[in-house]
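Welcome! Here is a short briefing on side-chain contacts, written for someone meeting this structure for the first time.

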Amino acid sequence: MTGPMRRIAGWGALLGLLLATADLAAQVSEPAAPFPPQAAEQEPITPIPPPPAADPRKLALGESLFGDPRLSRDGQRACSSCHDTGTNGADRNTRDTTPDGSPLRFNTSTVFNAALSFRLNWAGGFRTLEAQAAASIESPDTMGTTIDDVLGRLRDDPGMVARFREAYGTGPDRGSLLDAIATYERSLVTPGSPFDRWLGGDAGALTTAEQDGYRLFKSLGCVSCHQGVNVGGNLFQRHGIFHPLASPEPEILRVPSLRNIATTAPYFHDGSAATLEDAVRNMALAQLDRTLSDQQVTAIIAFLRSLTGTYKGHPVTAAP
């Protein structure tokens, strides 16, 4: 582990332990009074912003490329094969497979709100969407081709050449290919969750049960790693601090976002938690050394369900 990663992981673990000692809401026995709306601006979680402004020609081109199987070696898979933006931005597989049918190392993360994370992928190996897209195209485990081969296929399509020229003033090249994909991916944000509406001042957006779950989420220490606009995605952390959690390697992971978490089963980097209940119980034990009661699990899940946002005007849904 590098020095910066050790410091980040140590900070997260220490803060989690400090917060875990505050048992103000560790037992959700009686409903608490609703949060005053004016206090929302002081919360450790911030609302998802609307998608950034983008050239509609680049945006439409990026969406087409995201679903284009010519970005893969055998023409049998596209980015959308594993990242279904019609449902949860991922799929329901424990782990997707390589072109030769072998299971991938990691569970597929949702593409929704990925642009809001400080690093990309479970190991956090990429800082930009463009770098991640290039790596996916050229990785033998995902698309299994090269960018030059992809560009050759696109240049053989007069219609696609015309679209690149209209959007970028030039035919398909490496920069415009990656920029178009990244432009589309930046648009894949899901604002408008009940929790974000509550943060925005709508006092009735959360039920009493959801507010109780949020209080518990904070008092147990979950919020020490899951905060910010993406409710995670902004630091590295060691998993299995007190007890083993999922596959032991890699030991350090980018903390995942909890946005739309109720729709993205299975959970953890190896997909080993089949349900949200499993994930909540296992995380509390492994990271906080806490055994939660059924009532506590139910309360936290109520809060987590309030993090489901909307895409194209409709709530994000679980993959079939």
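Which residues form one aromatic cluster? They are F195, W198, Y214, F217 and F303. Please keep in mind that this is a predicted model, where local features need pLDDT of at least 70, side-chain atom pairs count only at pLDDT 80 or more, and totals for chains, interfaces and linings use all residues. Residues are numbered from 1 along each chain as its sequence is written, and side-chain values use heavy atoms, leaving out hydrogens and water.

**Aromatic pairs**

- There are 10 aromatic pairs in the structure, a pair being rings of Phe, Tyr and Trp (its six-membered ring) with centres within 6.5 Å; planes under 30 degrees apart count as stacked, over 60 as edge-to-face and the rest as tilted.
- F118 and F236 make an edge-to-face pair, because their ring centres are 5.3 Å apart and their planes stand at 65 degrees.
- F236 is buried at 8% relative accessible area, whereas F118 is partly exposed at 26% (buried means under 20%, exposed over 50%, partly exposed in between, with a 1.4 Å probe and protein chains only).

**Salt bridges**

- The count is 11 salt bridges, each a side-chain nitrogen of Lys or Arg within 4 Å of a carboxyl oxygen of Asp or Glu.
- R186 and E130 form one of them, with their closest N and O atoms 2.8 Å apart.
- R281 and D294 meet in another, at 2.4 Å from N to O; R281 is partly exposed at 26% relative accessibility, while D294 is exposed at 52%.
- D68, R70 and D157 are joined in a salt-bridge network.
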